[in-house]
Amino acid sequence: MLVVKEFKTIDQQIDILKKKGLIIEDIEKAKDILLKENYFFLNGYRHMLMNSFSDRTFISGATFNELYSLFLFDRYSRNILFKNLLIIENRLKSTISYQMSKKYGYKEKDYLNFKNFDQNPEKKRKVKDVIEKMKRQIRINTSRHNATMHYLKNYGYIPLWILVKVLSFGMVCELFTILKKEDKLEVASIFGITVDYLESFLPILSNYRNLCAHEDIVYDHKTDRVIPDTEYHKKLNIFRMDDEYIYGKDDIFAVIIIFKYLLEDDEFRLMLKEFQYELEKLDGRIDSIPVEKMLDTMGIPKNYMDIINL
């Protein structure tokens with residue numbers, strides 16, 4: 001039998017939080033925040049301040065301001081991740097479109113030819129599926145996107161370097177998986193990493209990119225896939241449990257490690273400094289829990305900043 005979730009007024013939402021032990025210092029301010037930010041979204045951060053998943057009450061001394069600080073930290077750190085994900089997305093689109101256009105031509109009838117992709121029989125169905133998805137995007141965007149409209153109207157075709165602008169990051173990641181081995185090598189070499197690394201990184205980035213774009217909770221997110229053990233896991237002396245690294249495999253720190261490989265050095269340094277700043281702000285606003293608990297939940301080692309100079 002389905003449980004019915006009834007509408008709750010702002011006053012009722014305040015009462016629920018207070019009954020669970022949350023200290024609300026300024027009722028009117030809390031009401032304003034709940035109205036503007038949404039009780040459901042804000043309440044998604046309660047677990048960090050609760051006694052346990054079974055005991056759904058707040059720890060002694062936990063405040064509404066701390067709950068809101070967690071919410072804001074996730075928002076600002078998510079924005080930091082997102083803008084750097086977009087940098088990587090643009091570079092991936094650029095390198096793939098350049099490689100394929102150079103080798104196979106710039107008209108869709110040329111670069112979307114089945115023979116240009118992985119000829120492994122096991123990938124035949126996936127290749128056809130991705131090509132069809134791309135053709136569908138051409139049909140959809142011929143009347144929606146200025147660049148595709150311009151090329152189709154003036155030249156009669158849409159080059160891949162224009163088409164990638166309307167392809168989702170997820171679709172571009174799929175496109176990479178069906179490229180021929182030599183083309184994957186060319187793309188991966190631009191980033192200075194192996195094909196295996198890039199193939200393992202892309203699903204993780206696509207997953208976090210979607211979370212960021214839809215403003216979902218990011219700080220404690222764990223992905224279904226993991227990245228390989230890297231030199232940075234070893235150099236940071238990340239603890240192992242059952243022969244597996246406990247941090248940097250399927251969490252935010254895994255994304256930070258990927259950024260270390262895919263961003264330029266100055267971009268990576270700026271990204272991590274911005275993240276450190278947000279974490280230090282959070283540490284100054286929360287007394288109920290130590291910042292180490294937040295780091296552990298995010299999958300980030302205490303010495304995470306050392307990765308800058310590795």
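This is a predicted model: local features need pLDDT of at least 70, side-chain atom pairs count only at pLDDT 80 or more; totals for chains, interfaces and linings use all residues.
What volume does the second largest pocket have? The answer is about 260 Å³.

**Pockets**

The second largest pocket has residues from several parts of the chain in its lining, including Glu 37, Phe 40, Tyr 45, Phe 71, Arg 75 and His 214. Helix 3 and helix 4 each give at least two residues to this lining. Helix 4 makes the largest share, with three residues. By class, the lining holds five nonpolar, two polar and five charged residues.

The largest pocket has a volume of about 380 Å³. Among its lining residues are Lys 5, Phe 7, Gln 13, Ile 16, Tyr 39, Asn 43 and Arg 56. Two elements supply two or more of the lining residues: helix 1 (10–19) and helix 3 (39–43). Here the largest share, three residues, belongs to helix 3. Six charged residues join four nonpolar and two polar ones in this lining.

**Cavities**

The structure also holds two cavities of 30 Å³ or more. The table sets out their volumes.

| Cavity | Volume |
|---|---|
| Largest cavity | about 50 Å³ |
| Second largest cavity | about 40 Å³ |

Ser 69, Leu 72, Phe 73, Tyr 76, Glu 278, Lys 281, Leu 282 and Arg 285 line the largest cavity. Helix 4 and helix 14 are the elements that give two or more of these residues. Four residues of the lining are nonpolar, one is polar and three are charged.

The lining of the second largest cavity consists of Leu 282, Asp 283, Ile 286, Ile 289, Pro 290, Val 291 and Met 294. Helix 14 and helix 15 are the elements with two or more residues in it. Six of the lining residues are nonpolar, none is polar and one is charged.

**Helix 15**

Which residues of helix 15 are buried? Helix 15 spans residues 291–298, and Val 291, Met 294, Leu 295 and Met 298 are buried there. Viewed down the helix axis, the buried residues of helix 15 fall within an arc of 100 degrees, so they line one face of the helix.

Just after helix 15 comes Gly 299, with a positive phi of about 80 degrees.

How values were computed. Residues are numbered from 1 along each chain as its sequence is written. Side-chain values use heavy atoms; hydrogens and water are left out. Buried means under 20% relative accessible area, exposed over 50%, partly exposed in between (1.4 Å probe, protein chains only). Helices (H or I, at least four residues) and strands (E, at least two) are DSSP runs, numbered from the N terminus. The arc is that of the directions from the helix axis to the C-beta atoms. On a 1 Å grid over the protein atoms alone, a cavity is a set of points where a 1.4 Å probe fits but cannot get out, and a pocket is an open set with protein on both sides within 12 Å along at least five of seven lines; lining residues have an atom within 4 Å of a point. Grid points are joined across faces, edges and corners, and a volume is the space filled by probe spheres set on the points. Ala, Val, Leu, Ile, Met, Phe, Trp, Tyr, Cys and Pro count as nonpolar, Asp, Glu, Lys and Arg as charged, and the others, Gly among them, as polar.
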